[in-house]
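Please read it alongside the sequence and the coordinates.

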Amino acid sequence: MTDYKVITENYIKENAFCMLKNASGVFRYPFVVPGAGYESDLWDWDSFWSSYALIDITEYFKDVKDFDYETRRNEVERHAKGNILNFLDRIEPDGFIPGTVTSSGLFADYFIKRHREGKTVNQCKPVLFLQAAKIGETYGGFDWLDAEKLSVYLDYYRKEQYHSVSGLYFWKNDVMIGIDNNPAVFGRPECSSGDLFLNCFMYAELLAANEVLSEVKSPKSEKYKEWAEELGQAIETLLYNEKDGFYYSADISVRDTSDNIFHKGMKPFWKVLPIKIKMWSGFLPAALGVCSGERARKSAVHCFDEDFICPCGIRTLSKDERMYNTESTSNPSNWLGPVWIVANYCAFKALKNAGENELAASIVKRTVTLLGKDIESSGHMSESYIPETGERMMHNGFLNWDCLVISMLKEQECEPGTILKE
């Protein structure tokens, strides 16, 4: 019987560190790229997950005989820190940070230019303090980071992408939103989507900012803790569907109609309108600690609904949704059903946090088998996969969050080179 765990481990151990790039050109610091298709670009949440995985990979293989632990640990530390420092180099006076930094091509200074021109543009996704916290937890200390300067980008979010009526954050438009064609945002009116993905990561980011700023004795730390608590309450109140036991995004563009003489009798008393689309972001409240207890369990176990679960892990969109689609596309990349390993990882985390360990282990096995089969047949991993067949879709040679399979194995307390337990 083919041991896909060992195949996957060996491939990642030999190839993952190709994501480390030296400082050059517009980059003053070494940084991390996602892998195939993105060889000289620094991306916000890609760099977060790449660094997250690399840190775990280094620790997972620590005691393996042919693994140079000290060298790899030092390399990953420098490059992970460099990600944040390179983004911090691009911060604007008002706190805006672009979602990507590139030396050339379509995205070179595109977002900063549009921002300076007063055009509608989203800024860096809320993952920079999360990355800093992971670095600090692993290597200790934040003397390398101007945390107060970095925190201004969160103040920009509060000023420019926060809906005070609902207490939720929103995307300005549907460009650079992480889940490229997320139907709760993609093609919808500007500044209308209280996206669950954005709000869950913002919640975790605010708590991480509180953690980092507390460590450096900044008086700003408590503010972000308060914002996180307020946001958590808004997510729980407005984005959880009690009947379904699941979380959804919401339309925040509900307006006050009381100035209309025909509407004097009753104005809309609801703060948001639910966007009831069943997609993988519904697992993020449990994965990122927004919820716990019964809500975490109820939402997490939806991973194994037949419209979500597949031989490769989970579909990124329920196959029962009319938008379900598994075409291979780029700009936007397709998240309307194809399997993405980052979604598998978040589903795994949701199940672990909810205490559903057997179900979590099943996600690990499906992910290991999917990647192992791809490596065995093509020599590489890929960015996304067809749910039913495991057929690779785009960017063969991709690394980035595919390497989170090692984070899964590490959190399952597996040992390198051993057979995956049933």
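Glu230 and Arg158 form a salt bridge, their closest N and O atoms lying 3.3 Å apart, where a salt bridge is a side-chain nitrogen of Lys or Arg within 4 Å of a carboxyl oxygen of Asp or Glu. This pair links distant parts of the chain, since Glu230 belongs to helix α8 (residues 221-238) and Arg158 to helix α6 (residues 147-160), 72 residues apart; helices (H or I, at least four residues) and strands (E, at least two) are DSSP runs, numbered from the N terminus.

The model is predicted, and local features need pLDDT of at least 70, side-chain atom pairs count only at pLDDT 80 or more, and totals for chains, interfaces and linings use all residues. Residues are numbered from 1 along each chain as its sequence is written, and side-chain values use heavy atoms, with hydrogens and water left out.

By the salt-bridge rule the count comes to 26. Another of these joins Lys159 to Glu160, with the closest N and O atoms 2.9 Å apart, and in a further one the side chains of Arg188 and Asp251 meet at 2.7 Å, N to O. Arg188 lies in the loop between β6 (168-169) and β7 (193-194) and Asp251 in strand β10 (residues 249-251), so this pair ties together parts that are 63 residues apart in sequence. Salt bridges that share partners also join Asp155, Lys220 and Lys223 into one network.

The table gives the relative accessible area of the paired residues, where buried means under 20%, exposed over 50% and partly exposed in between (1.4 Å probe, protein chains only).

| Residue | Relative accessible area | Class |
|---|---|---|
| Glu230 | 43% | partly exposed |
| Arg158 | 21% | partly exposed |
| Lys159 | 66% | exposed |
| Glu160 | 26% | partly exposed |
| Arg188 | 23% | partly exposed |
| Asp251 | 12% | buried |

Turning to helix packing, helix α3 (residues 69-89) and helix α5 (residues 128-139) pack at an angle of about 155°, with their axes 10 Å apart; axes are lines fitted to C-alpha atoms, for helices over the stretch in contact, and angles run from 0 to 180 degrees between N-to-C directions. The two helices are therefore roughly antiparallel to each other, a class that takes angles over 145 degrees.

In the contact (heavy atoms within 4.5 Å), residues of α3 including Val76, Ala80, Ile84 and Phe87 meet residues of α5, among them Leu128, Ala132, Ile135 and Tyr139.

Conventions:
Parallel < 35°, antiparallel > 145°, perpendicular 65-115°, else oblique.
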